[in-house]
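This report describes selected local features of one protein model, beginning with a loop residue and moving on to helix packing and aromatic side chains.

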Amino acid sequence: MGEVDVIIVGAGPAGISTSACLNSLKISNIVLEREDCYASLWKKRAYDRLKLHLAKQYCELPHMPFPQDAPTYIPKNDFVRYLDNYVSRFHVSPILNRNVESAFFDDNISKWSVVVKNLISDAYEVFFGKFLVVATGENSQGYIPQIDGLDGFGGNVIHSTQYENGNCFSGKNVLVVGSGNSGMEIAFDLSNWGAKTSIVARSPVHLLTENIVKLGMFLLKFLPIKLVDIIVSALGRLTYGDMSEYGLRKPIKGPFFLKVTTGRSPTIDVGSVPKIKSGEIKVFPSITSIEKNNIKFEDGDNSYFDAIVFATGFRSTVRNWLKGGEDLFNEQGMPRQKFPNEYWKGKNGLYCAGFSSRGLLGISQDAKNIAQDISFILTQKKEKIN
């Protein structure tokens, strides 16, 4: 058993940055992580060619900017090294191989009780804390939608978190489901490795370049979001033209409005669009059914595939283990409030970090807000005692 001021569940960027902010304020905390390393999504489940999709100044964790000579868009391996340096600098020491079985607020002692299973010894451990920070984030578990016949598919089925590169798919017919950033980038990578690549675009999508998004982020400091959306949408249209004839529809609402209200990011093209226009990458609408290796689509088309890569996002797992906390989390394990409201704070010292759908920028702000709020509460309690 262990007792600290703050228990943090999850050692991704949200968890380690919250711990770092608490450490800088000399507030005792522990970080519990089910995997055998911190930042496991980045270290173990990110494809090789991944880069941060936003400029580095929007991806820094609290109190540690990227080096000035770092590239504008940080490659995966460089970001992992940044996280390693961050953990070392701020003395973050996650307790690994600990799966949280349950967490609840014990009214009798006015503390959070967290029961974890040690995945090495199979023993159960209990930790007590005045505050609980849920930092498992929106990307806790890969999501694959239910599709009629998927269980009987005759080829390989993986989630994007299992994709490394297209080497083993060379010469094969591969379908990527999802036209967001991961889906389009994986499709581009597969095509470069010689796979016969297709992509399912289930929803309308904004196609922008890295520089257009960077400009939009800059303009948001000075202009209303509606005006910024008009500018970046016009630039996207000038760059790519009308993509609807290729199967990629454009949303009615603007890209930054959708990011704020739904968490859905615009798709930053890394080279997929020219391949789509040339026919190297084919675009299909939603899947209706699967029979062995044949996949049928909404437009009636029916094609053979050797493999499917689902770039269909993630789901929160909070509701699997958190007992209570309904004031903060809804039934899907996501905050009831949305940014810019105080979505990160609940009752009885419950907080969440990394749930704002604002990427690393939102994570950084969450960590600072939570640490400052906890510091304020602890200071008030000490003043009352004295």
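A39 is placed in the loop between β2 (29–32) and α2 (40–44); helices (H or I, at least four residues) and strands (E, at least two) are DSSP runs, numbered from the N terminus. The model is a predicted one, in which local features need pLDDT of at least 70 and side-chain atom pairs count only at pLDDT 80 or more, while totals for chains, interfaces and linings use all residues. Residues are numbered from 1 along each chain as its sequence is written, and side-chain values use heavy atoms, with hydrogens and water left out.

**Loop residues**

Although A39 is not a glycine, its phi is positive, at about 50°. A39 counts as buried because its relative accessibility is 3% (buried means under 20% relative accessible area, exposed over 50%, partly exposed in between, with a 1.4 Å probe and protein chains only). H91 is another non-glycine residue with a positive phi, here about 55°. H91 belongs to the loop between α3 and β3 (98–106), and with 65% relative accessibility H91 counts as exposed.

The loop between α2 and α3 holds H63. Leaving aside residues up to four places away in sequence, H63 touches C21, S24, R89 and F90 (contact means heavy atoms within 4.5 Å). The C-alpha atoms of H63 and L207 are separated by 33 Å, and the two residues are 144 residues apart along the chain.

S357 is found in the loop between β18 (350–352) and α9 (359–385). Its relative accessible area is 15%, so S357 is buried. Not counting residues up to four places away in sequence, S357 touches E138, K259 and G263.

**Helix packing**

Two packed helices are described by the angle between their axes and the distance between the axes. Here axes are lines fitted to C-alpha atoms, for helices over the stretch in contact, and angles run from 0 to 180 degrees between N-to-C directions.

| Helix pair | Angle between axes | Axis distance |
|---|---|---|
| α1 (residues 13–24) and α3 | about 30° | 10 Å |
| α5 (residues 210–219) and α6 | roughly 170° | within 10 Å |
| α6 (residues 225–240) and α7 (residues 255–262) | roughly 130° | within 7 Å |

Angles under 35 degrees count as roughly parallel, over 145 as roughly antiparallel, 65 to 115 as roughly perpendicular and the rest as oblique. α1 and α3 pack at an angle of about 30°, which makes α1 roughly parallel to α3. The crossing in which α1 passes α3 is left-handed (left-handed if the near helix is turned anticlockwise from the far one by less than a right angle, right-handed if clockwise). On the α1 side I16, S17 and A20 take part, and they meet L83, Y86 and V87 in α3.

With a crossing angle of roughly 170°, α5 and α6 are roughly antiparallel to each other. Their crossing is right-handed. From α5, I212, L215, G216 and L219 make the contact, and from α6, V228, I231, V232, L235, G236 and T239.

α6 and α7 are oblique to each other. In this pair, I225, V228, D229, V232 and S233 of α6 meet P255, F256, F257 and V260 of α7.

**Aromatic side chains**

There are 16 aromatic pairs in the structure. Rings of Phe, Tyr and Trp (its six-membered ring) pair if their centres lie within 6.5 Å; planes under 30 degrees apart count as stacked, over 60 as edge-to-face and the rest as tilted. F79 and Y82 form a stacked pair because their ring centres are 5.8 Å apart and their planes are at 20°. These residues, F79 and Y82, are three residues apart in helix α3 (residues 76–89), and about one helical turn separates them. Both F79 and Y82 are buried. By contrast, F297 and F305 pair edge-to-face, with 6.3 Å centre to centre and 80° between the planes; F297 and F305 are both buried.

One aromatic cluster is formed by W42, F66, F79, Y82, Y86 and F90.

W112 is placed in strand β4 (residues 111–118). W112 counts as buried, at 2% relative accessibility.

The charged end of K43 sits over the ring of Y38, 3.7 Å from its centre, and that of R315 sits over the ring of Y143, 3.7 Å from its centre. A charge sits over a ring if NZ of Lys or CZ of Arg is within 6 Å of the ring centre and within 35 degrees of the ring normal.
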